[in-house]
Amino acid sequence: MMQQPGKLHVRQFDLAPGMRLVQSDYWPLQPLHESSQACSDQPQLVLTFGMQGASRFRESNGREIAFHAGHLTVTSFQRSVGERLYRAGERVQQLRVILNAASVRHYFGESNAEPMLRLNLQRHLFSRYGQATAAQLKHLHDDPLLLEIQALTLLALHRHQLQPDALMQKRHPQQVEKVEQARDWMRDHLAENFSLATLALAVGLSEYQLKSGFQHHFRCTPGALLLQMRMEQAHQLLEQGYQVAQAAWQVGYQHPRNFSVAFQRYFGRPASAITGRRRQD
């Protein structure tokens with residue numbers, strides 16, 4: 001007797017020109033590997049809001065992108081071949097807002113849209129979303145007009161994470177460059193324990209200029225962005241098969257226990273659960 005696949009439900013809505021919304025609810029009884037082959041005449045930007053459970057997309061080249069409840073994952077691609085991976089017995093609910101290239105340029109502006117539109121699959125953002133986003137996701141309207149308003153609201157809530165703050169356009173270009181250099185410097189030194197003073201000195205800014213620049217450009221403190229980069233890097237390492245202690249060391253934690261507490265607080269699940277899922281696939 002053939003085993004039932006479980007609950008696999010997808011709804012799609014065409015909203016404003018160039019904007020589509022996809023609501024999925026998967027609850028497979030067996031591990032599910034769903035083939036995916038996307039090929040469009042132009043690049044697309046996809047905002048995936050994880051509402052429950054977790055899934056992964058594995059490209060044909062082996063690269064993987066994770067999707068988790070409570071997190072927004074933003075990707076872009078024009079051609080992508082791979083498979084979506086779901087665990088047996090775990091319900092996964094997601095909402096995707098899909099924009100074509102023309103709508104990305106319309107909502108983000110030509111200069112901001114260009115770096116986001118890529119031929120190959122690229123992840124631009126993996127970040128927790130807040131209560132305002134959760135409220136929009138809790139009850140989706142059936143009315144097409146109200147549903148379109150909800151999709152635009154979700155886009156508006158997170159647009160600042162994908163484009164520079166307009167206020168920074170009034171700042172001296174050299175200072176903007178130094179703030180971005182500070183971000184890149186942190187990314188290159190995730191395994192090191194450094195102070196705000198060290199970071200400021202490395203890029204030639206005062207501590208005040210550094211903190212002010214981060215608030216305007218990234219809408220967060222240097223420490224908050226550093227934590228985000230460390231947690232995202234650690235998550236990728238764990239998915240690649242690194243042990244918890246190894247991942248902790250790679251992102252600057254000398255004591256695995258401190259890393260585990262930070263990881264649990266950031267993602268809402270233990271670091272050991274990520275490696276556990278990897279071994280079960």
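Student: In which sense do strand 1 and strand 2 pair, and over how many bridges?

Tutor: This is a predicted model, and the pairing is read from its bridges. Strand 1, residues 6–14, pairs with strand 2 in the antiparallel sense, and nine bridges join them.

Student: How many bridges join strand 2 to strand 7?

Tutor: There are eight, and strand 2 and strand 7 (residues 92–100) run antiparallel. To place them against each other, find S24, which stands opposite Q94 of strand 7.

Student: Why is strand 2 described as largely enclosed by the rest of the structure?

Tutor: Look at burial, where a residue counts as buried under 20% relative accessible area. Strand 2 covers residues 19–28, and seven of its 10 residues are buried, so the rest of the structure largely encloses it.

Student: Now the helices. At what angle do helix 6 and helix 7 pack?

Tutor: Helix 6 spans residues 196–203 and helix 7 spans residues 207–217; they pack at about 90°, and their axes are 9 Å apart. Angles of 65 to 115 degrees count as roughly perpendicular, so helix 6 is roughly perpendicular to helix 7. On helix 6 the contact is made by L196, A197, L199, A200 and V203, and on helix 7 by E207, L210 and K211. By class, this contact has six nonpolar, no polar and two charged residues.

Student: Why would residues three or four places apart point the same way?

Tutor: An α-helix has 3.6 residues a turn, so residues with that spacing point the same way.

Student: Which residues of helix 7 are buried?

Tutor: They are L210, S212, G213, F214 and H217. Just after helix 7 comes R219, with a positive phi of about 60°.

Student: How do helix 8 and helix 10 pack?

Tutor: Helix 8 (residues 222–239) and helix 10 (residues 256–267) pack at an angle of about 100°, with 11 Å between their axes. Helix 8 is therefore roughly perpendicular to helix 10. Helix 8 makes the contact with L227, Q228, M231, E232, A234, H235 and L238, and helix 10 with F259, A262, F263, Y266 and F267.

Student: How do the residues of that contact of helix 8 with helix 10 divide by class?

Tutor: Nine are nonpolar, two are polar and one is charged.

How values were computed
Residues are numbered from 1 along each chain as its sequence is written. This is a predicted model: local features need pLDDT of at least 70, side-chain atom pairs count only at pLDDT 80 or more; totals for chains, interfaces and linings use all residues. Side-chain values use heavy atoms; hydrogens and water are left out. Buried means under 20% relative accessible area, exposed over 50%, partly exposed in between (1.4 Å probe, protein chains only). Helices (H or I, at least four residues) and strands (E, at least two) are DSSP runs, numbered from the N terminus. Two strands pair if DSSP finds at least two bridges between them. Axes are lines fitted to C-alpha atoms, for helices over the stretch in contact, and angles run from 0 to 180 degrees between N-to-C directions. Angles under 35 degrees count as roughly parallel, over 145 as roughly antiparallel, 65 to 115 as roughly perpendicular and the rest as oblique. Contact means heavy atoms within 4.5 Å. Ala, Val, Leu, Ile, Met, Phe, Trp, Tyr, Cys and Pro count as nonpolar, Asp, Glu, Lys and Arg as charged, and the others, Gly among them, as polar.
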